[in-house]
Amino acid sequence: MVVQRLLHMQAGFRQGIDRLRGVRAAKLGAVIVAAGLLAGCQGDEFGVGSNKAQQPVSASVKRKMTDLNMSTTSPIMIRIFKEESSLEVWKQARTGKYQLLEEFEICKWSGKLGPKFKEGDRQAPEGFYEITPGLMNPNSSYHLAFNLGYPNAYDQSHGRTGTHLMVHGACSSRGCYAMTDEQVQDIYALARDSFKGGQRSFQVQAFPFRMTPENMARHRDSEHFDFWKMLKTGYDHFEVTKTPPKISVCEKKYVFDATTLVEGIPFRASAKCPDYQVSPRIASAVAAKERIDNAKFQKLAARFDAREERQKRWEERSNRLAEALGGGADETGVAEAALATSGQAVAATVAKPEAAPDQAVAEAGVETAYAPQDKPRGSSVGGFFKRWVPFGPKVTGEEAGAGPIETEVVPEAKP
């Protein structure tokens, strides 16, 4: 009997231990499931999983490459335009020239037109940047990303600072160029495949806007205009050659497609430029384009200047007239004098209601006009100016009913 009880007690202990283990296992499983759900909430919107960096380009981009006679592993180049919120991917065709493969709308970019100067200014960079495989980030918290390599040699020569300036997904920017996850998936895949094809680095050209004469003329008064003129030279090099220009920096400025005359002498960002030359064919084509663009720029700038001058004169006249309508003390001109003395004429006629009109005119020494009595005061001279002059202070009901207008003209006496 005692042995049986001991056996029953041992079996009970074992069942209790098994139940406890089951509870612990269930709790552990719940924690694992919750962690998985949390990770899913924080994961990428595009939802391609851990293999996102190895995904092929989309079917639509692949069709375009076929149509444009491009190899999937041929080199690429990227152009960014802030004002247009546009990111272009150019890819080398089998002809050797680059063609526009795809244009993406930038989801968000930070700051305003102009270069980045210092860490924390939340300004997206402008300039020419070389992206190497080491700058690619397949494990980015923003789906996929690549670092622009800011500050480059030019930025450093000007003492500019900043870190982690990227093109990435997640449509969120604090100094970066942010795309959607789907867009950056294609951009990343194109860059990855170009490295597989042997491209050692691809160029990113970041501009404030498309560097056309029209846009340059619109922004001719910007503090960054000289910087943008320099960027436009690199823009023009690509426009005429359809090949990414070779980028060098010396004397704290960009130099494009330059080769030193003495082999082995490097370009140094802050040092004097060594003797160099640009291919005569490229230099001639760029110079021709710049002559045409400069001529257009001068015409457009003159037109914009004339328009601004007309606007300025109009605003000055408007302000003077508005002051006159508001009862200013220094009015000049017929309209101003008329409005300034109208109150006196009203006082003269109201003070002597028994006088005949001719007598009132003679005593006042002016020619007087009267508003019809059966019309509301808003239809007086003040109301007329209020209706037809779209500026100046508002005219109240009392001001609108100022009544007669005086001039310096004295009527001849009646016979």
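Buried means under 20% relative accessible area, exposed means over 50%, and partly exposed lies in between (1.4 Å probe, protein chains only). The model is predicted: local features need pLDDT of at least 70, side-chain atom pairs count only at pLDDT 80 or more, and totals for chains, interfaces and linings use all residues. Residues are numbered from 1 along each chain as its sequence is written, and side-chain values use heavy atoms, with hydrogens and water left out.

**View 1. Overview of the protein chain.** The protein chain has 11 helices and 14 strands; helices (H or I, at least four residues) and strands (E, at least two) are DSSP runs, numbered from the N terminus. Of its 415 residues, 37% count as buried. The protein chain exposes about 24500 Å², of which carbon and sulfur atoms supply 55%; accessible areas come from the Shrake-Rupley method with a 1.4 Å probe, and for residues only the protein chains shown count as cover. Contact means heavy atoms within 4.5 Å. Among contacts between residues at least 6 apart in sequence, 59% join residues at least 24 apart.

View 2. Ala302 is placed in helix 7, which spans residues 280–325. With a relative accessibility of 45%, Ala302 counts as partly exposed.

View 3. Asp305 and Arg220 meet through their side chains in a salt bridge (2.8 Å, N to O). Asp305 lies in helix 7 and Arg220 in the loop between helix 5 and helix 6, so this pair ties together parts that are 85 residues apart in sequence. Asp305 is partly exposed at 40% relative accessibility, whereas Arg220 is buried, with a relative accessible area of 13%. Arg220 also forms a salt bridge with Glu308, where the closest N and O atoms are 3.2 Å apart. Glu308 lies in helix 7, so the pair with Arg220 ties together parts that are 88 residues apart in sequence. The relative accessible area of Glu308 is 42%, which makes this residue partly exposed.

View 4. The closest N and O atoms of Glu88 and Arg210 are 2.8 Å apart in a salt bridge. Glu88 lies in strand 2 (residues 86–92) and Arg210 in the loop between strand 10 (202–207) and helix 5 (213–218), so the pair ties together parts that are 122 residues apart in sequence. Glu88 counts as buried, at 3% relative accessibility. Through shared partners, salt bridges join Arg79, Glu88, Glu103, Arg210 and Glu239 into one network.

**View 5. Two surface patches.** Patches are made of residues with over 30% relative accessible area and no salt bridge; like charges are joined within 9 Å, and nonpolar side chains (Val, Leu, Ile, Met, Phe, Trp, Tyr) within 5 Å. Lys and Arg count as positive and Asp and Glu as negative, while His and the chain ends are not counted. The place of a charge is taken as NZ of Lys, CZ of Arg, CG of Asp or CD of Glu. Lys299, Arg303, Arg307 and Arg310 gather in a surface patch of positive charge. Among them, Arg310 is in helix 7 and is partly exposed, with a relative accessible area of 48%. A nonpolar patch on the surface is formed by Leu261, Val262 and Ile265, which together have about 260 Å² of accessible area. Leu261 is in the loop between strand 13 (258–260) and strand 14 (276–278).

**View 6. Surroundings of Ser248.** Ser248 is found in strand 11 (residues 247–250) and counts as buried at 7% relative accessibility. Leaving aside neighbours within four places in sequence, Ser248 is in contact with Lys253, Tyr254, Val255 and Phe267.

View 7. Most residues other than glycine have a negative phi, and most peptide bonds are trans. The peptide bond from Tyr150 to Pro151 is cis, with omega near 0°; Pro151 is in the loop between strand 7 (145–147) and helix 3 (153–157). Asn69 has a positive phi, near 60°, and is found in the loop between helix 2 (59–67) and strand 1 (76–81). Lys242 has a positive phi, near 55°, and is found in the loop between helix 6 (225–241) and strand 11.

Note on methods: Salt bridge = Lys/Arg side-chain N within 4 Å of Asp/Glu carboxyl O.
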